[in-house]
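Good morning, colleagues. Please look at the sequence and the structure on the screen while I describe the chain.

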Amino acid sequence: MFLFNHKYVPPGQLNGTAAEWKAHGESVALALGCFDLVHVGCVRFLQDAAAHGRLIVGVYEDADVTAIRGPGRPILSLEHRMVMTAAFACVSAVTPVTVAGITDAILAAAPDFVVVGSDQEDLCKKIGVDTKISTSCRVVAMGGQWQTCSEWVVKKVQGMN
């Protein structure tokens, strides 16, 4: 059961949600990420992303988290990661996304800003997000400190830091 149903937006309804906010004069930001382990880096990332507008968080599907983070990831299921992300007051909506569908999600939400972690900036460029949508919104990369990423947290828990 999804505990934050009022924040869940199916991918097919992104355009309506974002259009409603824009009709009220609000900026829209779309943040993309795995959110497999919520830690201080996630908190800062989401708060900073929300400073750009009403925040929609695109949470990567499980298979994409494995491709991005490696074997053994995600630790938590997509539903659990979406519930945790939706629990933040600065998050207005959450939606599942796939790496292959990033461009579709961006085009549907038509955000003023696309916010990605600095570790995701190359991924966005690789799939052409930077060039395909740069005329309609701005791609912002945030983060980058090793101690604020999930890999550092995993290694710390495993006693490797």
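Throughout this talk, a contact means heavy atoms within 4.5 Å. By that criterion, and leaving aside residues up to four places away in sequence, D36 touches R73, P74, I75, L76, R81 and M84. I shall return to D36 after an overview.

First, the basis of what you see. This is a predicted model, in which local features need pLDDT of at least 70 and side-chain atom pairs count only at pLDDT 80 or more, while totals for chains, interfaces and linings use all residues. Residues are numbered from 1 along each chain as its sequence is written, and side-chain values use heavy atoms, with hydrogens and water left out.

Let me begin with the overall arrangement. The chain contains eight helices and five strands; here helices (H or I, at least four residues) and strands (E, at least two) are DSSP runs, numbered from the N terminus. Their order along the sequence is α-β-α-β-α-α-β-α-β-α-α-β-α. Of the 161 residues in the chain, 46% are buried. Buried means under 20% relative accessible area, exposed means over 50%, and partly exposed lies in between, with a 1.4 Å probe and protein chains only. The accessible surface of the chain is about 8000 Å², and carbon and sulfur atoms hold 55% of that surface. Accessible areas come from the Shrake-Rupley method with a 1.4 Å probe, and for residues only the protein chains shown count as cover. Among contacts between residues at least 6 apart in sequence, 76% join residues at least 24 apart.

I turn now to strand β4. Why is β4, residues 113-117, described as largely enclosed by the rest of the structure? The reason is that five of its five residues are buried. In a regular strand the side chains alternate between the two faces of the sheet. In β4, F113, V115 and G117 are buried on one side, and V114 and V116 are buried on the other. Strand β1, residues 28-33, runs parallel to β4 and is joined to β4 by four bridges; two strands pair if DSSP finds at least two bridges between them. Within this pairing, A31 stands opposite V115.

A nonpolar core is a set of buried Ala, Val, Leu, Ile, Met, Phe, Trp, Tyr and Cys residues joined through side-chain atoms within 4.5 Å. The largest one has 20 residues, of which L14, L32, I56, Y60 and I102 touch the most other members. Two or more residues of this core come from each of α1, β1, β2, β3, α5 and β4. Helix α5 gives the largest share, four residues. Not counting residues up to four places away in sequence, L32 touches F45, G58, Y60, V97, I102, V114, V115, V116 and G117. There is also a second, separate core of 17 residues, which includes A31, F35, V59 and L78.

L78 brings us to helix α4, residues 78-86. Its buried residues are L78, R81, M82, V83, T85 and A86. Their cover includes α2 (40-50), β2 (54-60), α3 (62-69) and β3 (93-97).

Next, the salt bridges. How many salt bridges does a search of the whole structure find? It finds four, where a salt bridge is a side-chain nitrogen of Lys or Arg within 4 Å of a carboxyl oxygen of Asp or Glu.

One of them joins the side chains of K22 and D112, at 3.7 Å from N to O. K22 lies in helix α1 (residues 14-23) and D112 in the loop between α5 (102-109) and β4, so the pair ties together parts that are 90 residues apart in sequence. K22 is partly exposed, at 33% relative accessible area, and D112 is partly exposed, at 27%.

Another links E26 and R54, whose closest N and O atoms are 3.3 Å apart. Because E26 lies in the loop between α1 and β1 and R54 in strand β2, this pair ties together parts that are 28 residues apart in sequence.

A further one brings us back to D36. D36 forms a salt bridge with R73, with the closest N and O atoms 2.6 Å apart. D36 is in the loop between β1 and α2 and R73 in the loop between α3 and α4, 37 residues apart. Is D36 buried or exposed? D36 is buried, with a relative accessible area of 2%, and R73 is buried as well.
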